[in-house]
Amino acid sequence: MNDIIEIIKSRRTIKSFEAKFLSWEQVAKILDAGRHAPSSGNLQNWKFIAVLEPDLKTKLAEATHDQFNIAMASVLIIVCAEPEKAERYFGARGERLYTIQNCAAAIQNMLLEAHSLGLGGCWVGAFNEDKIKEICGIPAIVRPQAIVAIGYAKEVPNKPAKFPLETVVYFNKWKNKLRDPEKYSQNYSAILARKAGAAKEKLDQFKKDIVGKF
Ligand SMILES: Cc1cc2nc3c(=O)[nH]c(=O)nc-3n(C[C@H](O)[C@H](O)[C@H](O)COP(=O)(O)O)c2cc1C
């Protein structure tokens, strides 16, 4: 899979994993993708804890309000933020906003790299922060932002509905909507290409549903 937009669109949140190991090379590639994310002032105020040890994975899963499925993932990557670094450079905005955005960019990079390697991933944000810190000995000033669970997908869910462009895009001013954004730029070939793409997506989904039924 090479086309970035195909990787972005076909990535799914995976919640069930095969009991299989990943090679260190696979894990390293995913961590490396996180490291290359953009960050405010290139601060890179993150640390990634890769947890491969089964007992620790089980304890972490317990701390995610019992999302035990993630204990089966081959690796759990705890993405930790170092907010004080961003505060030093950018004040409250750095601490409260940039820090979160930096880590989110790293997380998404990891999920996309995992997917491009044929693996599945889950961004886990629901957890008891204090328990995660205690389990992994994370200092008080560091904040775990997410656990990225990675492994071989047992099941890939259907794509959940995503709002169409028309719903999420305004032009020039808040709430200024155009029914068909492409018409704005008189890009009729793009309209046709998009409609053809949507029809193909529907057909592919239909084929998948039929195969699943019989
Ligand atoms: C900030 C954030 C927190 C999330 N926390 C969880 C979580 O705790 N458990 C889980 O199963 N999925 C979690 N997800 C995954 C979402 O449920 C998932 O992205 C969403 O349903 C859309 O599905 P998709 O990723 O396949 O497009 C989280 C996603 C984000 C961005």
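The model is predicted: local features need pLDDT of at least 70, side-chain atom pairs count only at pLDDT 80 or more, and totals for chains, interfaces and linings use all residues. Residue numbers run from 1 along each chain as its sequence is written.

**Domains**
- An automatic or database domain assignment divides the chain into domain 1 (12-151) and domain 2 (165-213).
- The C-alpha centres of domain 1 and domain 2 are 32 Å apart.

**Helix α4**
- Helices (H or I, at least four residues) and strands (E, at least two) are DSSP runs, numbered from the N terminus.
- Helix α4 (residues 83-116) spans only 30 Å between its end C-alpha atoms, whereas a straight helix of 34 residues would span 50 Å, taken as 1.5 Å times one less than its number of residues.
- A kink of about 150° is centred on Phe90 in α4, the bend being the angle between axes fitted to the seven residues ending there and the seven starting there.

**Ile78**
- Ile78 belongs to strand β2 (residues 75-81).
- Ile78 counts as buried because 23 other C-beta atoms lie within 10 Å, the cut-off being 20 or more, with C-beta atoms placed from the backbone.
- Pro144 is 66 residues from Ile78 in sequence, yet their C-alpha atoms are 6.5 Å apart.

**Ligand surroundings**
- Residues around the ligand (C-beta atom, placed from the backbone, within 6 Å) include Arg12, Lys15, Trp123 and Pro160.

Notes: Buried ≥ 20, exposed ≤ 12 C-beta atoms within 10 Å, placed from the backbone.
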